[in-house]
Amino acid sequence: MNTDIIIIGGGIVGLATALQLKQRNARLRIILVEKEQELAKHQTGNNSGVIHSGIYYKPGSLKATNCINGYNQLVDFCKKNEVPFDLCGKIIVATEEKELPLLQNLFTRGQQNGLTNLKMLTSAELKEFEPHVAGIAGISVPQTGIVDYKNVAEKYAELFRKYDGEIALGEQVIDIQVLSDRVTVSTQKQTYSGKLVINCAGLYSDKVARLTTSTVNVKIIPFRGEYYKLKKEKEYLVKNLIYPVPDPNFPFLGVHFTRMMKGGVEAGPNAVLAFQREGYKKSDINLSELTESLAWPGFRKVAFKYWKTGMGEMYRSFSKAAFTKALQKLIPEIQEHDLEDGGAGVRAQACDRTGGLVDDFMILEEKQVINVCNAPSPAATSSLSIGETISALALKRF
Ligand SMILES: Cc1cc2nc3c(=O)[nH]c(=O)nc-3n(C[C@H](O)[C@H](O)[C@H](O)COP(=O)(O)OP(=O)(O)OC[C@H]3O[C@@H](n4cnc5c(N)ncnc54)[C@H](O)[C@@H]3O)c2cc1C
């Protein structure tokens, strides 16, 4: 089948890219290929559902600029297309003296990133926002919100199809051949031929990239994030979103409370090495994928350097009592029996050879291929902005 652009991956990044491309040039023939029978089945469909404001990210980084730009575009998109969302705000809570300088840094960073109406909170003021929280100080971030990203992704897909964009479900890309003027993409069912391939394969983005290039210097290491849910009768303990002060070395660690758009309150996620890239349960193991993770020199360096943090996360994964203890730092009255199983998501974390966990978005351009090799949180919030960036790179070639 002949086309102009083949997009691999029907998560929020692939779909946002597809839509942005069609909105800029409706005549382009685009097909998006997804291995599952449904869209947004992996990271996009199993995340915390938070519309991030951009307070955490280094000013000027791709993450910061895409988050703020993406935030504005996402909120406009949801309003225009009647996707339910709620800008309910969140609080970040310091529970120990040693966190106060980090809290102050976050406040400054938020201001540098252009957030408005941030407010430092005293212990008493925290309780006005969340009566059951115990903290010594905090920040109120009114711009943060919640949305169901599966809904958002499905809306992107609906609009893309309205532009005559095609989506092929249940087709896994197994081979890509770059020829002098074309590129062919083969799935287990058929072969597509186009002028450009855009790889948005999330947890498999490094493997798809390696189909066409040997210069990919990162490996995706899958980290499972496990959640609990508050039992219905305990949901009153959380009004909106309650976050701890993040560890600067591991900004994605630290369990938090999130009111979900579809109802209910989630607690989590933690972060443990998944023994399979799409391993949502502790018992999911793919020996070849696990061996690849363990054999990657960068992963071994991270594991050696941060074994204590990793063991803590593992311990909380196997011990509900330990998980509850982490939550009690924010809300002391939470008890183990207030929590029920809440499912899990798996993060695609790119890790380089030297043990660096790639923090920013990473896009690698080849002759007829654009690889999105790292799209970590807040890529759901930033999806329209990332899609805009990728489509600008793509359109230069047409
Ligand atoms: C636990 C967790 C919590 C998070 N919380 C938030 C949050 O609150 N807010 C936020 O903004 N972000 C959050 N994120 C991050 C966000 O969800 C991801 O950054 C975003 O969803 C990445 O989208 P994606 O399209 O790149 O990946 P995915 O959604 O994983 O999509 C990739 C797609 O590619 C497909 N694919 C893979 N290989 C192939 C192949 N060979 N052929 C065809 N298709 C293929 C997969 O099936 C998949 O559908 C969170 C992530 C996790 C895991």
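Q: How far does a backbone N or O atom of Ala375 lie from an oxygen atom of the ligand?
A: This is a predicted model, so treat every distance as a property of that model. The separation at Ala375 is 2.7 Å, from a backbone N or O atom to a ligand oxygen. A pair of N or O atoms counts as a polar contact within 3.5 Å. Ala380 also places a backbone N or O atom by a ligand oxygen, at 3.4 Å. For Gly49, a polar backbone atom is 3.5 Å from an oxygen of the ligand.

Q: How much of the ligand's accessible area does the protein cover?
A: On its own the ligand has 1000 Å² of accessible area, and the protein covers 97% of that.

Q: Which residues of the shell are closest to the ligand?
A: Start with the count. The ligand is surrounded by 38 residues. Glu34, Thr44, Asn47, Ala375 and Thr381 are the closest. Then sort by class: 18 nonpolar, 15 polar and five charged. Then look at the elements. Helix H1 (12-24) gives at least two residues to the shell, and so does strand E19 (339-352).

Q: Which residues have the most contacts inside the largest nonpolar core?
A: They are Ile7, Val152, Tyr156 and Ile198, in a core of 43 residues. Several elements each supply at least two residues of this core, including strand E1 (5-8), helix H2 (62-80), helix H5 (149-162) and helix H11 (383-395). Take Val152 as a case. Beyond its neighbours within four places in sequence, Val152 is in contact with Ile12, Leu74, Cys78, Val83 and Val147. A separate core of 27 residues includes Ile6, Ile31, Tyr192 and Val358.

Q: Is Leu230 buried or exposed?
A: Buried means under 20% relative accessible area. Leu230 has 2%, so it counts as buried. Leu230 sits in strand E14 (residues 218-230).

Q: Which side chain does Ser385 join through a polar contact?
A: The partner is the side chain of Asn69, at 3.2 Å. Ser385 belongs to helix H11. With 1% relative accessibility, Ser385 counts as buried. Leaving out residues up to four places away, Ser385 touches Asn66, Asn69, Gly70 and Gln73.

Q: Where does Asn113 lie?
A: Asn113 is in the loop between helix H3 (100-112) and strand E6 (119-122). Check the accessibility next. Asn113 counts as buried because its relative accessibility is 9%. Among the residues it touches, beyond four places in sequence, are Gly54, Tyr57, Pro59 and Ile68.

Q: What should I look for in phi and in peptide bonds?
A: Most residues other than glycine have a negative phi, and most peptide bonds are trans. Look for the exceptions. Asn117 is not a glycine, yet has a positive phi of about 60°. Asn117 lies in the loop between H3 and E6. Asn117 is exposed, at 64% relative accessible area. Asp164 also has a positive phi, of about 70°, without being a glycine. Asp164 is in the loop between H5 and strand E9 (166-168). Asp164 is exposed too, at 66%.

Q: Which peptide bond ending at Pro378 is cis?
A: The bond from Ser377 to Pro378 is cis, with omega near 10°. Pro378 lies in the loop between E21 and H11. Another cis bond runs from Gly268 to Pro269, with omega near -5°. Pro269 is in the loop between strand E17 (265-268) and strand E18 (272-273).

Key: Residues numbered from 1 in each chain as written. Predicted model: local features only at pLDDT ≥ 70, side-chain atom pairs only at ≥ 80, totals over all residues. Heavy atoms only, no water. Near = heavy atom within 4 Å. Polar contact = N/O pair within 3.5 Å; in protein donor to acceptor, adjacent residues only side chain to side chain. Areas by Shrake-Rupley, 256 points an atom, 1.4 Å probe, with all protein chains shown as cover. Helix = DSSP H or I, 4+ residues; strand = E, 2+ residues; numbered from the N terminus. Nonpolar A, V, L, I, M, F, W, Y, C, P; charged D, E, K, R; others polar. Buried < 20%, exposed > 50% of the residue type's maximum accessible area, 1.4 Å probe, protein only. Contact = heavy atoms within 4.5 Å. Core = buried A, V, L, I, M, F, W, Y, C linked by side-chain atoms within 4.5 Å.
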